[in-house]
Amino acid sequence: MLDLIVTLVDATSTIYSAFLIEEEGTASSFQGLLESFVAKGLPSSLYTDRGSHYFVTLKAGEAVDKSRLTQVGRALRQLGIEHIPGLFA
């Protein structure tokens, strides 16, 4: 079994990056972001799911803890990209 990692524009479904990997995580998130940023440049904001490689959520169903950043969150902050958590896990 493999995970399909896709980075796309939600409004248009335009795919910027897509690949298969054994397990989704921080490294695959960075790979998808790198491929997207190289192809299209840096976005002003990025909307992602609430996976643990994107956000810290102390209790399932609760709001993300924006004061505790993951590696991906720290990288996006350093790049000046607003990171928007999805509404659903």
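**Terms and values**

L33 touches L46, V72 and L76, leaving aside residues up to four places away in sequence; contact here means heavy atoms within 4.5 Å. This is a predicted model, in which local features need pLDDT of at least 70, side-chain atom pairs count only at pLDDT 80 or more, and totals for chains, interfaces and linings use all residues. Residues are numbered from 1 along each chain as its sequence is written, and side-chain values use heavy atoms, with hydrogens and water left out.

Q: What makes L33, F37, L46, Y54, F55, V64, V72, L76 and I81 a nonpolar core?
A: A nonpolar core is a set of buried Ala, Val, Leu, Ile, Met, Phe, Trp, Tyr and Cys residues joined through side-chain atoms within 4.5 Å, and buried means under 20% relative accessible area (exposed is over 50%, partly exposed in between; 1.4 Å probe, protein chains only). These nine residues make up the largest such core. α1 (26-40) and α2 (71-78) each supply at least two of its residues; helices (H or I, at least four residues) and strands (E, at least two) are DSSP runs, numbered from the N terminus.

Q: Why is S13 called exposed?
A: Its relative accessible area is 52%, and the term requires over 50%, so S13 qualifies. S13 lies in the loop between β1 and β2, and its phi is positive, near 65 degrees, in a residue other than glycine.

Q: How do you know that β1 and β2 pair, and in which sense?
A: Two strands pair if DSSP finds at least two bridges between them. β1 and β2 have six bridges and run antiparallel, with T7 the bridge partner of S17 in β2. They form a hairpin with six residues between them.

Q: Which residues make the nonpolar surface patch?
A: L2, L4, V6, L8, I15 and L20 make a patch of about 570 Å². β1 (3-8) and β2 (15-21) give two or more residues each, β1 giving the most, with three.

Key. Patches are made of residues with over 30% relative accessible area and no salt bridge: like charges are joined within 9 Å, nonpolar side chains (Val, Leu, Ile, Met, Phe, Trp, Tyr) within 5 Å. Accessible areas come from the Shrake-Rupley method with a 1.4 Å probe; for residues, only the protein chains shown count as cover. A salt bridge is a side-chain nitrogen of Lys or Arg within 4 Å of a carboxyl oxygen of Asp or Glu.
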